[in-house]
Amino acid sequence: MKARVHVMLKNGVLDPQGEAVRHALGAIGFDGVNGVRQGKVIELDLAEGSTEADVNAMCEKLLANTVIESYTVEMS
């Protein structure tokens, strides 16, 4: 079983990496980008019997800083 976790900064939290990407895109001619939010994707190869609740616990304890980040989990 596999899980994919998408982690993003919460709305209202400044994203300096996203701003750097937006600025760089403008510098190379892509002027139509008004904002960029950068996040991360974590792919987990899970043992048989693992549940989405297990992955949520992993996110709450380690994979995401839930004070400033939100996350979504996709199981497959």
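1. A word on terms before we start: a residue is called buried under 20% relative accessible area, exposed over 50%, and partly exposed in between, using a 1.4 Å probe and protein chains only. By that rule aspartate 45 is exposed, because its relative accessibility is 62%.

2. Please keep in mind that this is a predicted model, where local features need pLDDT of at least 70, side-chain atom pairs count only at pLDDT 80 or more, and totals for chains, interfaces and linings use all residues. Residues are numbered from 1 along each chain as its sequence is written, and side-chain values use heavy atoms, with hydrogens and water left out.

3. Now the overall layout. The protein has two helices and three strands, arranged β-α-β-α-β from the N terminus on. The radius of gyration is 16 Å, well over the 11 Å that the globule rule gives for 76 residues, so the protein is more spread out than a compact globule. For that comparison, the radius is taken over C-alpha atoms and the rule is 2.2 Å times the number of residues to the power 0.38. Helices (H or I, at least four residues) and strands (E, at least two) are DSSP runs, numbered from the N terminus.

4. Along the principal axes, the C-alpha atoms fill a box of roughly 50 × 25 × 15 Å. Of the 76 residues, 22% count as buried. The protein exposes about 5,400 Å², and carbon and sulfur atoms supply 56% of it; these areas come from the Shrake-Rupley method with a 1.4 Å probe, and for residues only the protein chains shown count as cover. Among contacts (heavy atoms within 4.5 Å) with a separation of 6 or more, 66% are between residues 24 or more positions apart.

5. Helix 2 deserves a look in your viewer. Its buried residues are Val55, Cys59 and Leu63. Seen down the axis of helix 2, they fall within an arc of 50°, so they line one face of the helix; the arc is that of the directions from the helix axis to the C-beta atoms. Turned away from this buried side is the face with the exposed residues Ala53 and Lys61. The cover over the buried residues of helix 2 includes strand 1 (2-9), strand 2 (39-45) and strand 3 (69-75).

6. How do the spans of the helices look? Helix 1, with 12 residues, reaches 16 Å from its first C-alpha to its last, close to the 16 Å expected. The expected span is 1.5 Å times one less than the number of residues. After helix 1 comes glycine 29, with a positive phi near 100°.

7. On to charged pairs. Side chains of opposite charge can pair when their charged atoms come close. A search of the whole structure finds three salt bridges, each defined as a side-chain nitrogen of Lys or Arg within 4 Å of a carboxyl oxygen of Asp or Glu.

8. One of these joins aspartate 45 and lysine 2, with the closest N and O atoms 3.8 Å apart. This pair links distant parts of the chain, aspartate 45 in strand 2 and lysine 2 in strand 1, 43 residues apart. Lysine 2 is partly exposed, at 48% relative accessibility.

9. Glutamate 43 and arginine 4 also meet through their side chains in a salt bridge, at 2.5 Å from N to O. Here too distant parts of the chain are linked: glutamate 43 lies in strand 2 and arginine 4 in strand 1, 39 residues apart. Glutamate 43 is exposed at 56%, while arginine 4 is partly exposed at 35%.

10. Which residue does glutamate 19 form a salt bridge with? The partner is arginine 22, with the closest N and O atoms 2.5 Å apart. Glutamate 19 and arginine 22 are separated by about one helical turn, because they are three residues apart in helix 1 (residues 16-27). Glutamate 19 is partly exposed at 41%, as is arginine 22 at 24%.

11. Leucine 9 lies in strand 1 and is buried, with a relative accessible area of 19%. Not counting residues up to four places away in sequence, leucine 9 touches Leu14, Asp15, Arg37, Ile68 and Glu69. Methionine 1 sits in the segment before strand 1; leaving aside neighbours within four places in sequence, methionine 1 has contacts that include Leu44, Ser50 and Met75.
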